[in-house]
Amino acid sequence: MSSGTEVTHDSGLGQTENRLDSLLQLLDDNNSLAIVCHDNPDPDTISSALALSTIADSVGVEEVTLYYGGEITHQQNRAMVNVLDVDLHRFTEGCLRASSLVAFVDHAKPGVNNSVPEGTTPDIVIDHHPVSEIDARYIDHRVGVGATASILADYFTCLDIELDTRLATALLFGIRRETLAFTRSATPAEYTSARFLHPHADINLLRELSDSLFTHEMLDSLGETIQNRTVRGSYLVTHTGRTDERDTLPQAADYLLNLEGVTTTFVFGIIDDTVHLSARTRDPRIHIGDVLIAAFDGFGSAGGHRDMAGGVVPLGVFGELDDDDELVALLADALTERFFDCIAA
């Protein structure tokens, strides 16, 4: 770790000019930058990557490339990449060696929601998710804001760089999606950033991105979660079975939270040889990130915020079953009971 490491854990925006001096100096001393989005990138990470790319271009970094792992399956994520013509490249370990600087945006630790090998130390980390022991030369970690795009928007309030329509629209869309149109985990930082971005954004384009439709496959998968739900008190658990529609999980967790009497949702699904988890709560007594850690962190990777969380768990011994119906049934019983046991503890 560099002796010049800057670590911030403040509760919102502010003191940005001092942070930017360190970031701009680091960028100015290098000629290439690999910006790594988290796996299965969403509008928050994509817009943040675009913003950091613009800043790097402004100080003369000659080669800036945006990378991602996983897949871009969510219809709004695909629409954002296509409509805004975002040049994203598939991540390979070679891209790290080919760049003089590596940046993480909207994630912080190698191997956690990204395809970067564990043990890799990025040069730049800009993130809002709760995580400890971040190692990088420049760290802007603000757990008190609701979106990483808000941090990047804050940078542009202090920089003498033109905020063009494309970038302003991307950042505003990133904030809107991350906060479900300012209804989930929105803080004063999101409203401040939106007020700054709105005059520069293309509102018709923003509406087009927001109105992207479900695919037939996504709707079928969402229907599975509705049929498979189990409710105990105000807690709902459900699953998609085996699916290719990863983004159904968070969408179902959000959607089913609107069911009368439900305050907490937990959705899981089998994708290849891994179980993906997504959870939401509006119960102020519950920290859903801590619940998932208690329930599943020993078996895989899990965690998140007070009101939203996720994780992945290897199939392990369940994966040895040849019958898919039997696999889904056993897994559903095991994960459902474990979640209910941990949330009631």
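Trainee: Which residues gather in a patch of negative charge on the surface?

Mentor: A patch is made of residues with over 30% relative accessible area and no salt bridge, with like charges joined within 9 Å and nonpolar side chains (Val, Leu, Ile, Met, Phe, Trp, Tyr) within 5 Å. Here Asp322, Asp323, Asp325 and Glu326 form the negative patch. The model is predicted: local features need pLDDT of at least 70, side-chain atom pairs count only at pLDDT 80 or more, and totals for chains, interfaces and linings use all residues. Residues are numbered from 1 along each chain as its sequence is written, and side-chain values use heavy atoms, with hydrogens and water left out.

Trainee: Where is Asp322 found, and is Asp322 buried or exposed?

Mentor: Buried means under 20% relative accessible area, exposed over 50%, and partly exposed in between (1.4 Å probe, protein chains only). Asp322 has a relative accessible area of 80%, so Asp322 is exposed. Asp322 is in the loop between β12 (308-314) and α12 (324-344). Helices (H or I, at least four residues) and strands (E, at least two) are DSSP runs, numbered from the N terminus.

Trainee: Which residues of strand β5 are buried?

Mentor: In a regular strand the side chains alternate between the two faces of the sheet. In β5 (residues 124-127), Ile124 and Ile126 lie on one side, Val125 and Asp127 on the other, and all are buried.

Trainee: In which sense do β4 and β5 pair?

Mentor: Two strands pair if DSSP finds at least two bridges between them. Strand β4 (residues 101-105) pairs with β5 in the parallel sense over three bridges, and Phe104 stands opposite Val125. β5 also pairs in the parallel sense with β6 (residues 138-141), over four bridges; there Ile124 is opposite Tyr138.

Trainee: How many residues of β8 are buried, and how many bridges join β7 to β8?

Mentor: Seven of the eight residues of β8 (residues 235-242) are buried. Three bridges join β7 (residues 230-232) to β8, and these strands run antiparallel. Thr230 stands opposite Val237 in β8. The two strands form a hairpin with two residues between them, and Gly233 in the turn has a positive phi of about 65 degrees. β8 pairs with β9 (residues 264-271) in the parallel sense over six bridges, with Tyr235 opposite Thr264.

Trainee: Why does Phe173 count as buried?

Mentor: Phe173 counts as buried because its relative accessibility is 0%. Phe173 is in helix α6 (residues 165-178). Between Phe173 and Gln76, the C-alpha to C-alpha distance is 10.0 Å, although they are 97 residues apart in sequence.

Note on methods:
Accessible areas come from the Shrake-Rupley method with a 1.4 Å probe; for residues, only the protein chains shown count as cover. A salt bridge is a side-chain nitrogen of Lys or Arg within 4 Å of a carboxyl oxygen of Asp or Glu. Lys and Arg count as positive and Asp and Glu as negative; His and the chain ends are not counted. The place of a charge is taken as NZ of Lys, CZ of Arg, CG of Asp or CD of Glu.
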